[in-house]
Amino acid sequence: MIFMDIEASGLQGYPIEIGLAFVTADRAVEMYSMLIRYDEWLDNDALWDECAEALHGITRDQLRQCGRSPREVIDWLIPLVKGHIVIVDSNYDQPWLNELFAAAGLPEPTDFYLGGVPFCFDSPEIDRQKMDR
């Protein structure tokens, strides 16, 4: 199972980080993240929310210094999540993910399925794992 969280410049803003957490077969957790740098977004002050920055702690300077292009982020992301159900905790994550793909000049993703947290508890796949214990 894969969990994804997308941090953004604000609710009406753009994606600035993708974080992933994998639960492995031995129930260990592996975590990965990547900052997103897209200068067209970064240079738009109207899309940067100081309150959001205070919550996630990511600055525009960090994005400029350490962020990767939308295409680099997607090239990193797809092999990790392709064919998986990816659990997200917000209805904003799909639009932000779509915006990331658009910034890279790509169509909306279809290589994986985004499901909300309730999916974890209602999935037949989860029920099978419970029975295998």
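Predicted model: local features only at pLDDT ≥ 70, side-chain atom pairs only at ≥ 80, totals over all residues.

Me: Fine. Which helix is Asn98 in, and is Asn98 buried or exposed?

Reply: Asn98 sits in helix α5. Its relative accessibility is 16%, so Asn98 counts as buried (buried is under 20% relative accessible area, exposed over 50%, partly exposed in between, with a 1.4 Å probe and protein chains only).

Me: What does Asn98 touch?

Reply: Glu108 and Pro109, if you skip residues up to four places away in sequence. Contact here means heavy atoms within 4.5 Å.

Me: OK, how do α4 and α5 cross?

Reply: Their axes come within 8 Å and cross at roughly 120°, which makes α4 oblique to α5. Axes are lines fitted to C-alpha atoms, for helices over the stretch in contact, and angles run from 0 to 180 degrees between N-to-C directions. Under 35 degrees is roughly parallel, over 145 roughly antiparallel, 65 to 115 roughly perpendicular, and the rest oblique.

Me: Which residues in α4 and α5 meet?

Reply: From α4 you have Pro70, Val73, Ile74, Leu77 and Ile78, and they meet Leu97, Leu100, Phe101 and Ala103 of α5. By type, that contact has nine nonpolar residues, no polar and no charged (Ala, Val, Leu, Ile, Met, Phe, Trp, Tyr, Cys and Pro count as nonpolar, Asp, Glu, Lys and Arg as charged, and the others, Gly among them, as polar).

Me: Switching topic: how many residues are in the largest nonpolar core?

Reply: There are 32, and those with the most contacts inside it are Met4, Ile18, Leu20, Leu77, Leu97 and Phe112. Such a core is a set of buried Ala, Val, Leu, Ile, Met, Phe, Trp, Tyr and Cys residues joined through side-chain atoms within 4.5 Å.

Me: Which element gives the most to this core?

Reply: α4, with six residues.

Me: And where is Arg68?

Reply: In the loop between α3 (60-66) and α4. Arg68 is partly exposed, at 41% relative accessible area. Beyond its neighbours within four places in sequence, Arg68 contacts Met34, Leu35, Ile36, Arg37 and Val73.

Conventions:
Residues numbered from 1 in each chain as written. Heavy atoms only, no water. Helix = DSSP H or I, 4+ residues; strand = E, 2+ residues; numbered from the N terminus.
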